[in-house]
Amino acid sequence: MIEAVNPPDWEKPKGYANGMLVDGQRLYTGGQIGWNKDQVFEHTDFVGQLEQTLSNIAAIVRAAGGEVTDIVRLTWFITDKKQYLASQKEIGGAYRRVLGRHFPSMSVVVVAGLIEDEALVEIEATAEIGKSQKEG
């Protein structure tokens, strides 16, 4: 069984899904960017957008019935490698504010650009809903 997942207070996306839940357990998120639930960028800086992006992923995971500790993979797409490397301490702080000390497998890919011109980062996630509670 496959079902689309969207946080209840978010507008429904057009032409894609924020998340797809397979068999009530495996969640794949669409690429999330640093805009809020109303698709408005509140931050123009990398760290601000990163924190919002991670918060968006957390909201999708929770809407699927999971917790951030259920996330097993993150793939980051960033537009500025130098800015990313120069902001490691701030990135770590933003990450821990949203995901705590949960560190799934991750990849970071530098890209020439993202579809939304204002976006500085896009992240996809995979989660195994309910696994952290059973194994933890």
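# Labels and their cut-offs in a predicted model

Ile2 is found in strand 1, residues 2-5, where strands (E, at least two residues) and helices (H or I, at least four) are DSSP runs numbered from the N terminus. This is a predicted model, in which local features need pLDDT of at least 70 and side-chain atom pairs count only at pLDDT 80 or more, while totals for chains, interfaces and linings use all residues. Residues are numbered from 1 along each chain as its sequence is written, and side-chain values use heavy atoms, with hydrogens and water left out.

Me: Why is Ile2 called exposed?
Reply: Exposed means over 50% relative accessible area, buried under 20%, and partly exposed in between (1.4 Å probe, protein chains only). Ile2 has a relative accessible area of 59%, so Ile2 is exposed.

Me: Why does Gly30 count as buried?
Reply: Gly30 has 19% relative accessibility and therefore counts as buried. Gly30 is found in the loop between strand 3 (26-29) and strand 4 (32-33).

Me: What makes Glu128 and Arg26 a salt bridge?
Reply: A salt bridge is a side-chain nitrogen of Lys or Arg within 4 Å of a carboxyl oxygen of Asp or Glu. The closest N and O atoms of Glu128 and Arg26 are 2.9 Å apart, and the pair forms a salt bridge. Glu128 lies in strand 7 (residues 121-128) and Arg26 in strand 3, so the pair ties together parts that are 102 residues apart in sequence.

Me: Which labels do Glu128 and Arg26 get for accessibility?
Reply: Glu128 counts as buried at 15% relative accessibility, whereas Arg26 is partly exposed at 31%.

Me: How do you know that Asp38 and Lys37 meet in a salt bridge?
Reply: Their N to O distance is 3.7 Å, and the limit is 4 Å. Asp38 is partly exposed, with a relative accessible area of 46%, and Lys37 is partly exposed, with 35%.

Me: What does the salt bridge of Glu51 and Arg97 tie together?
Reply: The side chains of Glu51 and Arg97 meet in a salt bridge of 2.8 Å, N to O. Glu51 lies in helix 1 (residues 46-63) and Arg97 in helix 3 (residues 88-99), so the pair ties together parts that are 46 residues apart in sequence. Glu51 is partly exposed, with a relative accessible area of 22%, whereas Arg97 is exposed, with 56%.

Me: How many salt bridges are found in the whole structure?
Reply: A search finds four.
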